[in-house]
Amino acid sequence: IDIISGLRDSLNFDVKEELPYDLDRLYDYMQRRLLEAHAQNDLQALIEVSDLLSTIKSGWDQISR
């Protein structure tokens, strides 16, 4: 949750693009899923968030190329 909070805090909403707003909604969703996973001991929710974070990381990795 702290990592996702850090990602949310780094978003720049001063740009005239939808990307930061889309990412903010995605990060909010992931944080809620993690809270649900903790409350319900839901391994599938953890896997879902892990997969989403991996996809985001893959996008960042592509930028550096």
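**Helix H2 and its surroundings**

In H2, the buried residues are Pro 20, Tyr 27, Met 30, Gln 31, Arg 33, Leu 34 and Ala 37. Looking down the axis of H2, you'll find those buried residues within an arc of 160°, so they line one face of the helix. Keep in mind that this is a predicted model. The protein chain has 3 helices and 0 strands, and its elements run α-α-α from the N terminus.

**H2 up close**

- H2 has 22 residues, which at 1.5 Å a residue should span 32 Å; the C-alpha atoms at its ends sit 31 Å apart, and that agrees.
- What do the buried residues of H2 pack against? Their partners are helix H1 (2-9) and helix H3 (43-63).
- Over on the other side of H2, Leu 35, Ala 39 and Gln 40 are exposed.
- As background, an α-helix has 3.6 residues a turn, so residues three or four places apart point the same way.
- Just past the end of H2 comes Asn 41, with a positive phi of about 50°.

- Gln 31 belongs to helix H2, which covers residues 19-40.
- Is Gln 31 buried or exposed? Its relative accessible area is 11%, under the 20% cut-off, so Gln 31 counts as buried.
- Setting aside neighbours within four places in sequence, Gln 31 is in contact with Ile 1, Ile 4, Ser 5 and Arg 8.
- Arg 33 is in helix H2 too, and Arg 33 is buried with a relative accessible area of 16%.
- Which residues does Arg 33 touch, not counting those up to four places away in sequence? They are Asp 42, Ala 45, Glu 48 and Val 49.

**The nonpolar core**

- The largest nonpolar core holds 7 residues in all: Ile 4, Leu 11, Tyr 27, Met 30, Leu 34, Val 49 and Ile 56.
- H2 and H3 are the elements that give two or more residues to this core.
- H2 gives the most to this core, with 3 residues.

**The aromatic pair**

- How many aromatic pairs turn up in a search of the whole structure? The search finds 1.
- That pair is Phe 13 with Tyr 21: the ring centres are 4.9 Å apart and the planes meet at 55°, so the pair is tilted.
- Phe 13 has 32% relative accessibility and counts as partly exposed, while Tyr 21 is partly exposed with a relative accessible area of 34%.

**The chain overall**

- Taken along the principal axes, the C-alpha atoms of the protein chain fill a box of roughly 40 × 25 × 15 Å.
- The protein chain has 65 residues, and 18% of them are buried.
- Take the contacts in the protein chain between residues at least 6 apart in sequence: 33% of these join residues at least 24 apart.
- The accessible surface of the protein chain comes to about 5000 Å², with 54% of that belonging to carbon and sulfur atoms.

Methods: Residues are numbered from 1 along each chain as its sequence is written. This is a predicted model: local features need pLDDT of at least 70, side-chain atom pairs count only at pLDDT 80 or more; totals for chains, interfaces and linings use all residues. Side-chain values use heavy atoms; hydrogens and water are left out. Helices (H or I, at least four residues) and strands (E, at least two) are DSSP runs, numbered from the N terminus. Buried means under 20% relative accessible area, exposed over 50%, partly exposed in between (1.4 Å probe, protein chains only). Contact means heavy atoms within 4.5 Å. Rings of Phe, Tyr and Trp (its six-membered ring) pair if their centres lie within 6.5 Å; planes under 30 degrees apart count as stacked, over 60 as edge-to-face and the rest as tilted. The expected span of a helix is 1.5 Å times one less than its number of residues. The arc is that of the directions from the helix axis to the C-beta atoms. Accessible areas come from the Shrake-Rupley method with a 1.4 Å probe; for residues, only the protein chains shown count as cover. A nonpolar core is a set of buried Ala, Val, Leu, Ile, Met, Phe, Trp, Tyr and Cys residues joined through side-chain atoms within 4.5 Å.
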